[in-house]
Amino acid sequence: MSTVIRDNLRILRCAFVSAFADMRATYTWRTWTFAWLVRILCQVTLFAFIGKLIGNPATTEYLVVGNSVFITADIVMMVCATTSWERMAGTLPLLIGAPASPFVVFAGRSVQWLVDGLACSTVSLMLLAPVLGVHLPFSAVLLAVPMVALISLSVYAFGLVLAGLALRVMSARNIIGRLGSILLMVLTGVQVPVDFWPAPLRVVAQFLPLTHGLEAVRTVLHGGSGGTVLKGLGLEIAVGFGWSLVAVYTYWRLVASGRKDGSIEFGG
Amino acid sequence: MNTTDSPAVEVRRLAREYSRRGKPPRRALDDVDLAIGQGEVHGLLGPNGAGKTTLCKILCTVLLPTSGTALVNGFDVVTKTDAVRRSIGIVFGGERGLYTRLSARQNLRYWSALYRQPKAVGYRRVEELLDRMGLGDRADEPVETFSRGMKQRLHLARGLIGDPRTLILDEPTVGMDPVAARDFRELVRELRSEGRTVLLTTHDMAEAEALCDRVSLIDSGRLLATESPRTIGQWLSKYERVRAERVPAEVVSHLRAVPGVGGVTAAGDVVTVETVAEGAAGAVLKVLVDGGVTTVSTVRPSLEEVYLHVIGERGLAVG
Amino acid sequence: MTGLFWAAVRFQAQSLRRSPEYLMSLVTIPALTIAFLAIVRNSGRDDLVPYAVLGAALMTVWATALYVCGELIESERYGGTLEGLLAAPAPFSVLIIARISLVTVVSFLGLAESGLIAWLLFGVTIPVPHPGLLLLTLLCTAFAMVGTSSIMSALFVLARSARIFQNSLSYPFYLLGGLVVPVALLPGWLQPVSRVIFLSWTADLLRDCLRVESPADAVPRLAVIVGLGVLAFAAGLTMSRAILRRIRQNGSVGYA
């Protein structure tokens, strides 16, 4: 058992290397900061200004916090696009032919988004929020950062499931990720409280990542009770764990059915 | 063959350089002179990187020369680009150059518009070409489903869409299977009988010999010589090699005495005989067969080997 | 020349039909209408519904320009068809403008989508007191958008990675262009920058067309939009020509 874990950890580490190499290939420090980060901060700013348009400072604060945390989810959902790169690069059949579990490779392959997302969210909460007139207690923001990291992991699991679906329908890979992201934005309490939506959607939101974690973050930033915070985090972990199980199953099914119907291709 | 006075393609002291950082510039074409008559099928023979594609690109106005002049159908490729473009058709070999998601018919109709044909005229021409190239029954399928040979025929159809007087075919049969290549050569023969001028680049000597009225050899950006196809044929036979196995020792010494034999080398069981005269291979084979040797084969020289012989013989300096 | 124009439009339509993933913006961005409408509805500000619908629609138009029009020339180069195009007697700029025009017109479907989402999901319909002016504004906007897209398609050929440009020119321009939130609410020092972007004039005028009162200074504002469009055309075509000349001279683009 321990050898399996050790082997999988090694595979993960190699997948991480591949992931960060992808990142470095696209961005340098300068372009990441000026091109990517600025665009991300503009996204949060747009919603902040919608709050300003409405004219209610509480709304502005709600939107800034929601969108700052959502940024992590938005970026992490890029896993749907980058997972497909594995297929397009033609390495999928090689992966499946190897003794390791492809799920581990896929899981590790897109982790650069976790780091990217967390960095952007942190910058947004710490540096952008005050500029936008939303002053959050610094110690609370510090507490929020690891919570955002946790949220990013559960969104990652959700994203991996969608990415697995996207592997089957390659032409839809970008749309699936983007639509998944918008689903999260709309239902999980980023822009409006979950209560805003009719009952069936409220139920759906309970099983989506980000819902409970975001609630916990808001509670922390308002100095709310530690019990509420822990409950929110606990639920988020449970949701994330659930999606992880679904992800493992999805990849197992993908390989199994792909081997049956010959859809595992060497290229795209 | 030649009916009108001015050549279809006239190249004088053409040069093309590419600058490189920290190194002297690379001369892709160096002082090239070439004249192709109207209605001629002219071959440009050379190894990869010799400058064939560079010359084609300059002639079809896609690339500017560094110095020298090139006239196509009497128009300067630098100053009269529109006139040149209207009068030529280009066929680039390989996979690129077609819109793979679209169908053959859609591709050709678009190109017909790009060659400024009125819609009715263009559509008719597209149907003619689809039939002629044998693509009619698959004309509405996406090009990405086509075989290599079919794509190449579509390339040729595209080149002919404007009914050009002059066609430039850049390595059109590269990567094709022999059957498809043979069919393609038939098409080229038809083009010649229609009176079109064709510039055909290739690194296949047999193809050059089979199709062209004249052949120019190019290497490292320099035009080495212009020959008739017969000469190419002579080289192919002149520089053949004969390989034989388990040759008795006295037969080997007979071989050295055969006129036209350049050298005989023995390595283990295998004897290799280099010939330097036309027909010598035949004489060598006779000696071997008479000597009871049954495992024999002849090998045609590669382009590089021919070059080495030809250049060596003529004392031509290679840059 | 018109024959060539329409042939290129036809070609682009066929390409879009065979590669529908190009029109992703038409699916994903109108979905943002849901988010915007939820926010304004939740705050009891139904008077801001036009802002939400128009904002998402204009974002769709800009995003389509970025992700589709911007890539037009670059995808030809990447796909190996650019040389053939250069060797053809057809003027390259006519081809590009024709194709950009089709894509731009298609992107305006985003307006219908946003309106439909507002009606189906939130039960709001948006009255249009000044339909004629609205249509005229949309036409001028399309014109300016085509001109601006020609700059993008030239620029993205030069960039080592068009992807970086595309990702970074989206939200900053939604903000600076006042697409959702009027430019007047932006900090003072940003206003001059916004005023150079035709989007800000367009967004303001379109929002005014949805108000009961007659929009003030409609004609001068339309003139500004058209004028900025003309400048964009000039810049885009000059850049395209320069790039094509560079390709002929150097045999390749040579990255910036």
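Predicted model: local features only at pLDDT ≥ 70, side-chain atom pairs only at ≥ 80, totals over all residues.
Two strands count as paired if DSSP finds at least two bridges between them. In β14(B), B:V296 is the bridge partner of B:A244. Four bridges in total join β11(B) to β14 (residues 296-299) of chain B, and the two strands run antiparallel. β11(B) also pairs with β13 (residues 270-275) of chain B, again in the antiparallel sense, over five bridges; here B:V270 of β13(B) stands opposite B:E245.

The side chains of a regular strand alternate between the two faces of the sheet. In β11 (residues 241-245) of chain B, the covered face holds B:V242 and B:A244, while B:R241, B:R243 and B:E245 make up the uncovered one.

Elsewhere in chain B, four strands form an open sheet in the order β2-β1-β4-β5, with antiparallel pairing. β2 (23-36) and β5 (75-76) each have a single partner strand, so these edge strands of chain B are each left with one side lacking a neighbour in the sheet. Within this sheet, five bridges link β1 (residues 9-20) and β4 (residues 67-72) of chain B in the antiparallel sense, with B:V9 bridged to B:V72 in β4(B).

Turning to the contact between chains, chain C contributes 29 residues and chain A contributes 28. On the side of chain C that touches chain A, the elements giving two or more residues are α2 (25-42), α9 (162-168) and α10 (171-176) of chain C. The most comes from α2(C), with ten residues. By class, this side of chain C has 19 nonpolar, seven polar and three charged residues.

Terms used. Residues numbered from 1 in each chain as written. Chains lettered and ligands numbered in written order. Contact = placed C-beta atoms within 7 Å. Nonpolar A, V, L, I, M, F, W, Y, C, P; charged D, E, K, R; others polar. Buried ≥ 20, exposed ≤ 12 C-beta atoms within 10 Å, placed from the backbone.
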